[in-house]
Amino acid sequence: MQVPEKLINFRVYQDGTDLVGVADVQLPSLDAMTETVKGAGIAGEFDSPVLGHFGSMETVLNWRTLEKRNVMLAAQTGVNLDLRGAQQVYDSSTGRYISRPVKCVVRGVPKKTELGKLDVGTTTGTANTIETAYIKVSVDGETVLELDKFNYICNIGGVDYMADIREALGLA
């Protein structure tokens with residue numbers, strides 16, 4: 001049995017090659033857009049998700065210090081981040097630890113930049129919030145999530161929930 005334990009470490013790259021800095025990252029929540037359905041034949045009401053559509057998604061990068069690279073993420077242009085990590089997995093059948101790669105690609109635009117606080121002997125609390133229009137998550141080389149708001153892609157676990165929608169819109 002393989003037991004996923006923790007993220008060993010990760011690095012933040014901009015445009016796939018440039019190391020941005022030392023950060024912790026809050027990945028976006030996936031909040032489905034919904035509409036309340038009620039009426040004859042339904043005992044009450046329920047919120048029905050709109051297939052493949054999600055509300056605003058924010059990725060937040062929290063930095064240790066105020067650096068040129070994290071301030072430049074406030075520039076009003078597209079942001080392309082590549083978060084590459086190694087996760088620790090315990091294989092109980094062999095009694096060994098395995099390192100499993102995880103990768104998150106995030107594309108969007110700057111939404112908020114907190115320059116932070118200057119105080120002696122502490123981190124600055126500098127942070128960037130990126131309005132996320134695209135996210136792709138791969139674990140051990142397998143894509144487990146790909147959401148692309150502009151290209152009508154909602155692939156979760158290998159199922160593209162918007163394939164029929166793209167075809168209906170003449171995009172396929």
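Contact here means heavy atoms within 4.5 Å. The model is predicted: local features need pLDDT of at least 70, side-chain atom pairs count only at pLDDT 80 or more, and totals for chains, interfaces and linings use all residues. Residues are numbered from 1 along each chain as its sequence is written, and side-chain values use heavy atoms, with hydrogens and water left out.

**View 1. Overall fold of the protein chain.** The chain has 2 helices and 12 strands. Both kinds of element are DSSP runs, numbered from the N terminus: helices are H or I with at least four residues, strands are E with at least two. Along the sequence the pattern reads β-β-β-β-β-β-α-β-β-β-β-β-β-α. The radius of gyration is 20 Å, well over the 16 Å that the globule rule gives for 172 residues, so the chain is more spread out than a compact globule. That radius is taken over C-alpha atoms, and the rule is 2.2 Å times the number of residues to the power 0.38. Along the principal axes, the C-alpha atoms fill a box of roughly 65 × 50 × 35 Å. Among contacts with a separation of 6 or more, 58% join residues 24 or more positions apart.

**View 2. The largest nonpolar core.** Such a core is a set of buried Ala, Val, Leu, Ile, Met, Phe, Trp, Tyr and Cys residues joined through side-chain atoms within 4.5 Å. Buried means under 20% relative accessible area, exposed over 50%, and partly exposed in between (1.4 Å probe, protein chains only). This core has 20 residues, and Val 12, Leu 61, Trp 63, Leu 73, Leu 81, Ile 135 and Leu 147 touch the most other members. Strands β6 (58–63), β7 (79–91), β8 (96–114), β9 (127–139) and β10 (142–148) each give two or more residues. Beyond four places in sequence, Leu 147 is in contact with Leu 30, Phe 54, Met 57, Ala 133, Tyr 134, Ile 135, Ile 153 and Cys 154. Over the chain as a whole, 29% of the 172 residues count as buried.

**View 3. Surroundings of Ile 130.** Ile 130 sits in strand β9. Its relative accessibility is 0%, so Ile 130 counts as buried. Residues up to four places away aside, Ile 130 touches Met 57, Glu 58, Thr 59, Leu 61, Val 79, Leu 81, Gly 108, Val 109, Pro 110 and Lys 111. Ser 56 is 74 residues from Ile 130 in sequence, yet their C-alpha atoms are 10 Å apart.

**View 4. A salt-bridge network around Lys 111.** A salt bridge puts a side-chain nitrogen of Lys or Arg within 4 Å of a carboxyl oxygen of Asp or Glu. The structure holds 7. Glu 58, Lys 111 and Glu 131 are linked in a network. Lys 111 meets Glu 58 at 2.8 Å, N to O. This pair joins strands β8 and β6, 53 residues apart. Lys 111 also meets Glu 131, at 3.2 Å. Here strand β8 pairs with strand β9, 20 residues apart. Lys 111 is partly exposed at 45%, as are Glu 58 at 34% and Glu 131 at 21%.

**View 5. The Asp 82 and Lys 103 pair.** The closest N and O atoms of this salt bridge are 3.9 Å apart. Asp 82 lies in strand β7 and Lys 103 in strand β8, so the bridge ties together parts 21 residues apart in sequence. Asp 82 is buried at 7%, whereas Lys 103 is partly exposed at 35%.
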